[in-house]
Amino acid sequence: MTSRDDALETAGPAHDLRWARDVRDALRCAGVLLLLLLVLDWSADRLTLRRGALWIALALLLFLMICPARVRAGANWLSSRSLLRERRVRTDLLVSVRCLDGVGQRLVLRDTLGGRLEIDPDVLVRNPQLWLRVEAGARKATADGTLLCGATALRRLSRRVDDEAAQAVFRSSGLE
């Protein structure tokens, strides 16, 4: 184990730094939809208690659909907590890591204990502290021989994290 891994184990859990902002954005979207629907109904003189309740339910449904999960990582674990449940995997016991492409790219991690976690890889790219904890656990799983599938996905994600970190350094130093 390297000194960097030791420092990560003694440090507290890391979390998505943009999560609170993303939740506020989801609330704003739902609020704007609700406001527009209520104003349109009111201006057309069709607003009733029943229709108002329907618009509130629609705005709430939109919020539930776009509200981001809270991603946290610690020494050898990664968790994702949505409004309804929390999922957790042991990163040092990973069996597979897959990247699902589509409209929204997803990273699916599975461990030997049966845990399964699906997250947006951009969360790891935007939060290097989260990525370092996941990478340390994946390295241990690879060394122990439990990680059977996913080394390519992890290398690709590692390159994205490194590229984003380099771009951030260039932007902050004015060399962009």
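Which residue in strand 2 is the bridge partner of histidine 15? The points below lead from that pair to the rest of the sheet.

1. The bridge partner of histidine 15 is arginine 72, in strand 2. The structure is a predicted model. Strand 1 and strand 2 (residues 70-74) run antiparallel and are joined by 2 bridges.

2. Helix 5, residues 128-144, packs on the sheet and touches strand 1, strand 2 and strand 3 (77-81). The direction of helix 5 makes about 50 degrees with that of strand 2.

3. Taken as a whole, the sheet is open and has 4 strands in the order 1-2-3-4, with antiparallel pairing. Strand 1 (14-15) and strand 4 (86-90) each have a single partner strand and stand at the edges, so one side of each lacks a neighbour in the sheet.

4. Strand 2 and strand 3 run antiparallel, and 5 bridges join them. Within this pairing, glycine 74 of strand 2 stands opposite tryptophan 77 in strand 3. The hairpin formed by these two strands has 2 residues between them, and asparagine 76 takes a positive phi near 70 degrees there.

5. Strand 3 also pairs with strand 4, in the antiparallel sense, over 5 bridges. A hairpin of 4 residues joins the two strands. Arginine 81 has glutamate 86, in strand 4, as its bridge partner.

6. Is strand 3 mostly covered or mostly uncovered? Of its 5 residues, 4 are buried, and strand 3 is thus mostly covered. Strand 3 is also one of the strands that helix 5 touches.

How values were computed. Residues numbered from 1 in each chain as written. Predicted model: local features only at pLDDT ≥ 70, side-chain atom pairs only at ≥ 80, totals over all residues. Heavy atoms only, no water. Pairing = 2+ DSSP bridges. Contact = heavy atoms within 4.5 Å. Axes fitted to C-alpha atoms, helices over the stretch in contact; angles between N-to-C directions. Buried < 20%, exposed > 50% of the residue type's maximum accessible area, 1.4 Å probe, protein only.
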